[in-house]
Amino acid sequence: MEVRYSPDPVRFSRMTNQEIRDNFLVETLFKPNTIEMVYSDVDRAILGSAVPAEKSLTLSTADELRAEFFCKRRELGVLNVGGEGAIDVDGQSFDLKKLECLYIGRGSREITFSSQNGSEPACFYLLSYPAHKEYPVKHAKIEDALQVHLGSKDTCNERTIYKYIHPDGIESCQLVMGFTEIAKGSVWNTMPPHLHPRRMEAYMYFDMSEENRVFHFMGKPDEMRHIAAADKQAIISPSWSIHSGAGTSGYRFCWGMGGENQDFNDMDHSGIEDFK
Ligand SMILES: O=C[C@H](O)[C@@H](O)CC(=O)C(=O)O
Ligand SMILES: [Zn+2]
C-alpha cells in the first residue's frame, strides 16, 4: 500500500499546490474490484476503499503492518457510500445500505465485502487505526446515528452531523466516525473551523457530481491553503491543521478521527479574525 509521511507546518507553508495535493489529498480510492489503501504516519491512520463490483473482495493483511491479519492490532470503521452491499466478519453477515456504518473491532480475522447488485456496487470507505483492545463488531443504520444540526441558511453552512462511532454510540479504542450532510442551498462545512491538537482527522467528500468540487481549506488559521477535491476523494488533516470546505454544489462527507482522546467537542475554535 502507499505510505505517506506528513510534512510539518513550517514545510507546509512553503509548498506548491501540487505538493500539497501529493501529501494530503487521496485521489486513488474507489477503484472497482479492488481494495485501495493509503497508510499515513499521522496517528497511523489507514484510509481505504473496497468496491466489490464483479466479485467479492477479502481484506488481506499488508506488508507494512507485519501482522498476521489486518485487524490483528487494529480497528476498522466502514461507511457505505454506494449501492447496497454486505460485509462478512468471521462468518457473521451485515447488510449495509448507503450511508450505513459498520465497526469492526480488533481481532476480527476474515473480512469480506460484496455488493447486492454488481452494476450498482457498494462503495465502502474504510478508516482504520491501531487498537489496544477488542470491541464488538457493530452495524449502525441512519436512525442509530446521533444527529446534530448546525449552522444556518444565512451563513450557507446549515448541515447535519451524523455520529456513528463515538463514546455514546458504537464504542471503539480511538476511532470516532460519522458523516455530515450539507442542507440544500448551503455549501460550507465546519465554518467557523477549529483545531484539535489531540486528534488528526480524515475527510472523504462524496455525493457530488463530476463537474463539481469542494475547496477544502487546511493549514494553520493564519497560513491557510486550499485543495480542490472531487467526488470520492479524501484528505488527511494533521492535528495542526484546520479542516473546512466550501463546495460548488451540495455534498456529503465522511469524517473520522483518531488520536489522544475521543471527545468530539474537544475543539479549539478559530475566529474569522484569525484567518490569513
Ligand atoms: O471534529 C469534527 C469534525 O471536524 C467534523 O465533524 C465537523 C463537521 O462535520 C462539520 O462541522 O461540518
Ligand atoms: Zn475537526
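1. **Ground rules.** This is a predicted model, in which local features need pLDDT of at least 70 and side-chain atom pairs count only at pLDDT 80 or more, while totals for chains, interfaces and linings use all residues. Residues are numbered from 1 along each chain as its sequence is written, and chains are lettered from A and ligands numbered from 1 in the order in which they are written.

2. **Overall build.** The chain holds two helices and 24 strands; both are DSSP runs numbered from the N terminus, helices being H or I with at least four residues and strands E with at least two. Its C-alpha trace spans about 55 × 40 × 35 Å along the principal axes.

3. **Inside and contacts.** Buried residues account for 44% of the 276 in the chain. A residue is buried if 20 or more other C-beta atoms lie within 10 Å of its own, exposed if 12 or fewer, and partly exposed in between, with C-beta atoms placed from the backbone. Of the contacts between residues at least 6 apart in sequence, 71% join residues at least 24 apart (a contact means C-beta atoms, placed from the backbone, within 7 Å).

4. **Around ligand 1.** Which residues surround ligand 1? They are Leu150, Arg159, Ile161, Thr180, Asn189, Thr190, His196, Glu201, His243 and Trp255, where near means a C-beta atom, placed from the backbone, within 6 Å. By class, this shell has three nonpolar, five polar and two charged residues. In that scheme Ala, Val, Leu, Ile, Met, Phe, Trp, Tyr, Cys and Pro are nonpolar, Asp, Glu, Lys and Arg are charged, and the others, Gly among them, are polar.

5. **The annotated site.** An unreviewed UniProt entry puts the feature "binding site" at His194, His196, Glu201 and His243. They span 50 residues in sequence, yet no two of their C-alpha atoms are more than 11.5 Å apart, so they gather at one spot. Bear in mind that the UniProt positions are given in the numbering used here, feature names are shortened, and annotations may be inferred rather than shown by experiment.

6. **Two histidines to look at.** His196 sits in the loop between strand S17 (194–195) and strand S18 (199–206), and counts as buried because it has 21 C-beta neighbours inside 10 Å. Leaving out residues up to four places away in sequence, His196 touches Ser239, Asp266, Met267 and Asp268. His243 belongs to strand S22 (residues 242–247) and is buried too, with 25 C-beta neighbours inside 10 Å.

7. Four strands make an open, antiparallel sheet in the order S16-S22-S19-S20; two strands pair if DSSP finds at least two bridges between them. S16 (188–189) and S20 (225–229) are at the edges with a single partner strand each, so one side of each has no neighbour in the sheet. S19 (residues 214–219) pairs with S20 over five bridges in the antiparallel sense, and Phe217 has His226 in S20 as its bridge partner.

8. Most residues other than glycine have a negative phi, and most peptide bonds are trans. The peptide bond from Met191 to Pro192 is cis, with omega near 0°, and Pro192 lies in the loop between S16 and S17. Thr190 is in the loop between S16 and S17, has a positive phi of about 50°, and is buried with 23 C-beta neighbours inside 10 Å.

9. **Strand S10.** Four of the five residues of S10 (residues 111–115) are buried, so the strand is largely enclosed by the rest of the structure. S5 pairs with S10 in the antiparallel sense over two bridges, with Leu57 bridged to Phe113. S7 (residues 85–89) also pairs antiparallel with S10, over five bridges, and Gly85 stands opposite Ser115.

Notes. Two residues are in contact if their C-beta atoms, placed from the backbone, lie within 7 Å.
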